[in-house]
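Open the model in your viewer and keep the selection panel at hand.

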Amino acid sequence: MEKFEVKAYGTYAAEASLKQLTIERRQVSPKDIEIDILYCGVCHSDLHTARNDWGGTMYPAVPGHEIIGRVTRVGTEVSKFKVGDLAAVGCLVDSCRECSSCKEELEQYCIPGFTGTYNSKDKHLGTQTFGGYSEKIVVTEHFVLKVPENLDAAAAAPLLCAGITTWSPLRHWKVDKGSRVAVVGLGGLGHMAIKLAKALGANVTLFSRSPEKEKDALDLGADQVVISTDDVQMSKANRKFDLIIDTVPYAHDLNHYTPTLNINGTLVLVGYLGGLEPMLNTVPMIRGRRSVAGSVIGGIAETQELLDFCGEHNIVSEIELIKMQDINEAYERMLKSDVRYRFVIDLASLKN
Ligand code: NAP
Ligand code: ZN
Ligand code: ZN
């Protein structure tokens, strides 16, 4: 298979900083699209992967799965895109396309496993996949998305992960006018969840540990904010919500939130992967027929639905544009929850 080299930013070890390195991309085959990356959002999952928080990181690791760029080459069988189009790549670059999940356009639940944009086995090159902290990427057409031209390209990048990860549960649990939705944590995912739930017509509450974020949450569209460390405010929220989207990246006490679900309500975890500490108390679950669920990103068709919805409603992320060289500092700020509300890398800084 023919390859070419591109500049990228990545890390060789969990304890090491990210730095410039060279990776290989495949030359376009008939069904492929080559994209010159303009912008890439910075997701907390990038940091978890770079630092091997979940185990299984293959080094060198080149993160980045909120990718927007311009098409520079298309394969001979490509029909959806032409050179010069604005195109996007999210968290998936391949799946088996044959299993029951793939047939239902739920590639994120592909039974043999989807190919992540980074840190998955690359079926073409045999190496690990490398993400969007790079000059270019080559992806099979099916996994490339169209970006509404009216959206600011840099601010649209986070729709590809933070957006779809919160959109998918909002749609699955049928949020619409009059639904009562709460979001736990005001970071990248949390701020998109507020905007999207609001645009679907829900009444939206933010649970946050950070009182200084209250005004921002209201500006983003939240109807109210509950400071989760304030017991009085928490008890007033009892039985209020049909759906809670919990974006907290670390183990935390869900028993704090389950009583705030209405009867039949669902708390859906999107932030934390792993065992719960302390354990889940079943009393509020049983007494209120409440559920705790999980959800991962979204399928390709659903991601396109989200991008189109955002185009129609003019929804993008609140971003801080950074240079590639600032990524290590950005990770440190993300760990302090000091992100308003998504870093996006301007890849021009890597190309110069
Ligand atoms: P982020 O921007 O860092 O935001 C996380 C927010 O959670 C923070 O802003 C903070 O909000 C709150 N928080 C942080 N530490 C906390 C703690 N110890 N206890 C309670 N609250 C805490 O992260 P993100 O990019 O939104 O990602 C959130 C998580 O989702 C990450 O673990 C990421 O890997 C995961 N993720 C999952 C999927 C999926 O498909 N399921 C997709 C993308 C990302 P406040 O200051 O308001 O409390
Ligand atoms: Zn992500
Ligand atoms: Zn599959």
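Are H65 and C161 buried or exposed? Select the two: both are buried. Keep in mind that this is a predicted model.

**Stop 1**

H65 and C161 come from distant parts of the chain, 96 residues apart. H65 sits in the loop between α1 (44–50) and β4 (67–74), while C161 sits in the loop between α3 (153–156) and α4.

**Stop 2: T166**

Move on to helix α4, which covers residues 162–172, and pick T166 within it. Its relative accessibility is 0%, and because buried means under 20%, T166 counts as buried. Show the side chain: it reaches the backbone oxygen of A162 at a distance of 3.0 Å. Next, display the contacts of T166, leaving out residues up to four places away in sequence. What does T166 touch under that condition? The list is L189, M192, A193, L196 and I245.

**Stop 3: T260**

Select T260 in the loop between β13 (241–246) and β14 (261–269). This residue has a relative accessible area of 1% and is therefore buried. Setting aside neighbours within four places in sequence, colour the residues in contact with T260: F207, M234, A237, N238, R239, K240, F241 and I244.

**Stop 4: the whole chain**

Clear the selection and switch to a cartoon of the protein chain. There are 11 helices and 17 strands to step through. The radius of gyration is 20 Å, close to the 20 Å that the globule rule gives for 352 residues, so the chain is as compact as a globular protein of that length. Along the principal axes, the C-alpha atoms fill a box of roughly 60 × 40 × 35 Å.

Switch to a surface view. The protein chain exposes about 14,900 Å², of which carbon and sulfur atoms supply 50%. Of its 352 residues, 56% count as buried. Finally, draw the contacts between residues at least 6 apart in sequence: 69% of these join residues at least 24 apart.

How values were computed
Residues numbered from 1 in each chain as written. Chains lettered and ligands numbered in written order. Predicted model: local features only at pLDDT ≥ 70, side-chain atom pairs only at ≥ 80, totals over all residues. Heavy atoms only, no water. Helix = DSSP H or I, 4+ residues; strand = E, 2+ residues; numbered from the N terminus. Buried < 20%, exposed > 50% of the residue type's maximum accessible area, 1.4 Å probe, protein only. Contact = heavy atoms within 4.5 Å. Polar contact = N/O pair within 3.5 Å; in protein donor to acceptor, adjacent residues only side chain to side chain. Rg over C-alpha atoms; globule rule 2.2 N^0.38 Å. Areas by Shrake-Rupley, 256 points an atom, 1.4 Å probe, with all protein chains shown as cover.
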